[in-house]
Amino acid sequence: MPNRSVSWLRRRRKALLRKLPNLEAILKGSLVERFKRCGRPGCKCARGPGHGPKYYLSISRTGARPLMEYVPQEYCNQVREYLANHHRVREILAEVCAINQELLRRRKPL
Ligand SMILES: [Zn+2]
């Protein structure tokens, strides 16, 4: 970024903001797959990996185990999309911040 012109940086900043996903459509965490044994005597799951896969939204918390929120199958694709959107939002914000930091370093109007 140091070798980019100020006008390039400003254009890049505008372009980044246009690529922001819908901010309503975001979720934080990760989608994880789990197989569970039901414990019923004689069930075939006792020998295999268990019933599943079942999906959970795993949300990390500071100083605690991650929160595991059950995700019904029919929500999985939407949840994946929302997680990807959140990831993209964070990338875009980080780059906009880096551009603003660069403008500040050069003593240019932000
Ligand atoms: Zn079972």
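This is a predicted model: local features need pLDDT of at least 70, side-chain atom pairs count only at pLDDT 80 or more; totals for chains, interfaces and linings use all residues.
Helix α1 spans residues 6-18, and its 13 residues reach 19 Å from the first C-alpha to the last, close to the 18 Å expected at 1.5 Å a residue. The buried residues of this helix are Val6, Leu9, Arg13 and Leu16; seen down the axis of α1, they fall within an arc of 85 degrees and so line one face of the helix.

The largest nonpolar core comprises seven residues, namely Val6, Leu9, Leu16, Ile92, Val96, Ile99 and Leu103. Both α1 and α2 supply at least two residues of this core, and the largest share, four residues, comes from α2. Leu103 touches Val6, Leu9, Arg10 and Arg13, as well as Lys108, Pro109 and Leu110, when residues up to four places away in sequence are not counted. A second, separate core has six residues, among them Leu57, Cys76, Val79 and Leu83.

The zinc ion has as its protein donors Cys38 (SG), Cys43 (SG), Cys45 (SG) and His51 (NE2), which lie 1.9 to 2.3 Å from the ion and follow the spacing C-x4-C-x1-C-x5-H along the chain. Because the four donor atoms subtend angles of 105 to 115 degrees around the zinc ion, the arrangement is tetrahedral.

Notes:
Residues are numbered from 1 along each chain as its sequence is written. Side-chain values use heavy atoms; hydrogens and water are left out. The expected span of a helix is 1.5 Å times one less than its number of residues. Buried means under 20% relative accessible area, exposed over 50%, partly exposed in between (1.4 Å probe, protein chains only). The arc is that of the directions from the helix axis to the C-beta atoms. Donors are N, O and S atoms within 2.8 Å of the metal (3.2 Å for Na, K and Ca); water is not among the atoms, so sites may look incomplete. Four donors count as tetrahedral if all angles lie between 85 and 135 degrees; four count as square planar and six as octahedral if opposite donors are over 155 degrees apart and all others between 65 and 115; anything else is irregular. A nonpolar core is a set of buried Ala, Val, Leu, Ile, Met, Phe, Trp, Tyr and Cys residues joined through side-chain atoms within 4.5 Å. Contact means heavy atoms within 4.5 Å.
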